[in-house]
Amino acid sequence: MAKQIDLHDVAHSELEMRSRYTTRVKACSSTACLSAGAGPVRQALDQAAEREDVNSDVQVVPTGCMGMCSSGPLVRVEPRGAEPTMYAQVTPDIATRIIREHVVVRKLIDEHVLDEDQPFFSRQRKIVLGNAGRIDPERIEDYVAEGGYQALAGALNDLAPEEVIEIIDDSGLRGRGGAGYPTAKKWDMLRRAEGSPKYLIANGDEGDPGAYMDRTIMEDDPHRVIEGMIIAAYATGASHGYIYVRAEYPTAVERLERAIRVARRQGLLGRNILGSDFDLQLEVRIGAGAFVCGEETALMASIEGRRGTPSLRPPYPTEKGLWGQPTMINNVETLANVPAIVANGAEWFGEVGTAQSKGTKVFALAGSLVNTGLIEVPMGITLREIVFDIGGGIPNDGVFKAAQSGGPSGGCLPASLLDSPVDYESLRKLGSMMGSGGLVVMDDSMRMPDVARFYMEFCREESCGKCAPCRTGTVQMHALLDRICEGVGRRRDLQHLESLCRTVRQTSLCGLGQSAPNPVVSTLDHFRHEYLDLLVPDVSYNGTAPSVPPRPQAPDPAVTTKGGSR
Amino acid sequence: MAEARTAERAAQGEGHPSGDERFALLDKTLRKARYQQDQLIEVLHVAQDLFGHLSEDILIYLARQLKLPPSRVYGVATFYHLFSFTAPGRHSATVCMGTACFVKGAEEIVQQLEAAHDVRSGQTTEDGELTVSTARCVGSCGLAPVVVVDGVVTSHQTAESTLAHVGEVLAKEPTEAST
């Protein structure tokens, strides 16, 4: 049997080790900062510490995402017993100065200091990302020192599985993958399902272009995901777990695999977890680039090593899932919420958010904004607060035009809806959706039909081809949008498009097809005039637009199929 | 049991007649996966890493090893975007076409790259030097538009800066290859 980790011992010695340093310098080493040059910055920090001979007093910690990706690489200096300071756009030269001036002689390099009191930071509320940018994701000791795995230990020792589900139920936690299904309901269904073994899957197949929340969670705090999964498995009776990660996220795969190995060695996975009689095996499975695999039945097919095509529900995965066994699929962000809820209680969690949508949501904020990056905000915050307070507004005196949420399944929200709250119900009512959390802001240089065409091209490429409405419908809708965007579309094309939107929405097999028309429908709702402006006017003999009937047309290229969808 | 099967294979002199060392590495992966059919995607990833792309030969080899019908292996391999069936160019330029990059003008970069190197996205130039492709969000949205050149992410790109950078990378190669 693996040795059992003593959480208190590990936390204690880690904190003691930390207290030996007078200053801890945290260097963001997430993907965005690395592409901005964080690697050489960290080297410069290490070298400078050595040169100044402050090695024993200064600890340089590589951390995950600190949030404000547009100002990267970020470095945070945390002197013992003094206020921390964050530096933006750090180069190796500035890194050297940070050690030489800030750390050694306590003189701030004012021109590079990033104000942490600004709304971008102060308006956020971090639960899931609590450790991101604060700990070294590759060290379990760091996670344990922040209280990690305490929730699991508490649950295993003091709570029956049903009681864990009850806590999650009371907290009001809902699925963070987009649809917002109550998490406790799913857990309860798996718990009650007959059959053994039962499987648990963490969905980290974040395919929405413009979103990287789940990746950041998996990369920056892998143990939080694992702890959430162990608790979920304990509550539901699952004995095997898979974390399904996109192949495009090699760092996430690497860190999760390492974290699983370490957890297994420490008796947190495998048999008799933390000395209890509960067992769980965990494995990482890698996708291979297919958006549809985010759909749960397609995801399971992919884990089984088959083509990732969805199948009809019911039966639901909790009845008949992986290899015909009861299976539950939770989004990575959902699971990452679990340890904090179990540790702090349902009531604590319920204080954040709205009545129907509790807690926080992580968004990847991108597009035409002064500040872009990863944010975690309480549910119910208004779009205006996100765009103008946190995002800092539109750069270069641009004008806000629309915010797109929910990716290819979501919709656009125009300026008139800036004051609507961001929660599951409100967004759905407005014809968009929470989605997994991509939020792309567009300024007035963007033509909305182009945006719709962009998403439709995405759906056309990503349609798995299993059902006809999605396979051929997305091809036709894209062709029609293409005509309209190129300025050769006619009124009839728009009518075709709208009718196709209805058909595809109502008749597609899975969520990808059913939601594929959403970007078109929502841009038509809010920006119809932009489509109309692009149409070729139907002219009659006296030069005015005719009411009926439209002029007979040349053969419509949109009606001939332009090849398969793949 | 897996070992016994492997030993049997070795005794029969299975492996690959070409003597290509990479097949030994592929076999090691297959053993680690215990020849389980549900590990097909993982094995395909390793095969592509080793060989650069998935040739028909390799697909048939994997089908035999995993005791799967070739149609199934081919079906799975062609379903997923990341698997490629043609040899990649010596250099690669991947333009991110995630929403954030699209909003910031990534399409223009793709068009200019295609025009400048006379190649379509997803294809390799005739001389085998450059593969131009697009990606669905590399997750660096704060740095949009992003182009990944030979695996290195370059941020805040314009068509001009990308063309210049790709030109530099292409020009560098002959000296490196000769040394």
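Here are legends for close-up views of a predicted model.

**View 1. Where chain A touches chain B.** We start at the meeting of the two chains, where 36 residues of chain A are in contact with 31 residues of chain B. On the chain A side, helix H2 (31-35), strand S10 (360-367) and strand S14 (438-443) are the elements that give two or more residues each. Sorted by class, this side of chain A has 15 nonpolar, 16 polar and five charged residues.

View 2. S10(A) and S11(A) run antiparallel and are joined by six bridges. To find your place along the pair, look for Ala364(A), whose bridge partner in S11(A) is Leu374(A). Strand S11 (residues 373-378) of chain A is mostly covered, with six of its six residues buried.

**View 3. An open parallel sheet in chain A.** Four strands of chain A make up this open sheet, in the order S8-S7-S6-S9 and with parallel pairing. Strand S8 (281-286) and strand S9 (327-331) of chain A each have a single partner strand, so they stand at the edges and one side of each has no neighbour in the sheet. From one strand to the next, the twist averages 20°. Strand S6 (residues 199-204) and strand S7 (residues 240-245) of chain A pair over six bridges, and a handy landmark is Tyr199(A), whose bridge partner in S7(A) is His240(A). Helix H12 (residues 250-265) of chain A packs on the sheet and touches S6, S7 and S8 of chain A. The direction of H12 of chain A makes about 165° with that of S8(A).

**View 4. Two helices of chain A packed together.** Helix H9 (residues 183-192) and helix H11 (residues 222-236) of chain A pack with their axes 8 Å apart, at an angle of about 50°. H9(A) and H11(A) are therefore oblique to each other. H9(A) brings Trp187(A), Leu190(A) and Arg191(A) to the contact, while H11(A) brings Ala232(A), Ala235(A) and Thr236(A). By class, these residues are four nonpolar, one polar and one charged.

**View 5. Chain B on its own.** Chain B holds eight helices and five strands. Read from the N terminus, its elements run α-α-α-α-α-β-α-α-β-β-β-β-α. Of its 179 residues, 35% count as buried. Among contacts in chain B between residues at least 6 apart in sequence, 57% join residues at least 24 apart.

How values were computed
Residues numbered from 1 in each chain as written. Chains lettered and ligands numbered in written order. Predicted model: local features only at pLDDT ≥ 70, side-chain atom pairs only at ≥ 80, totals over all residues. Contact = placed C-beta atoms within 7 Å. Nonpolar A, V, L, I, M, F, W, Y, C, P; charged D, E, K, R; others polar. Buried ≥ 20, exposed ≤ 12 C-beta atoms within 10 Å, placed from the backbone. Pairing = 2+ DSSP bridges. Axes fitted to C-alpha atoms, helices over the stretch in contact; angles between N-to-C directions. Parallel < 35°, antiparallel > 145°, perpendicular 65-115°, else oblique.
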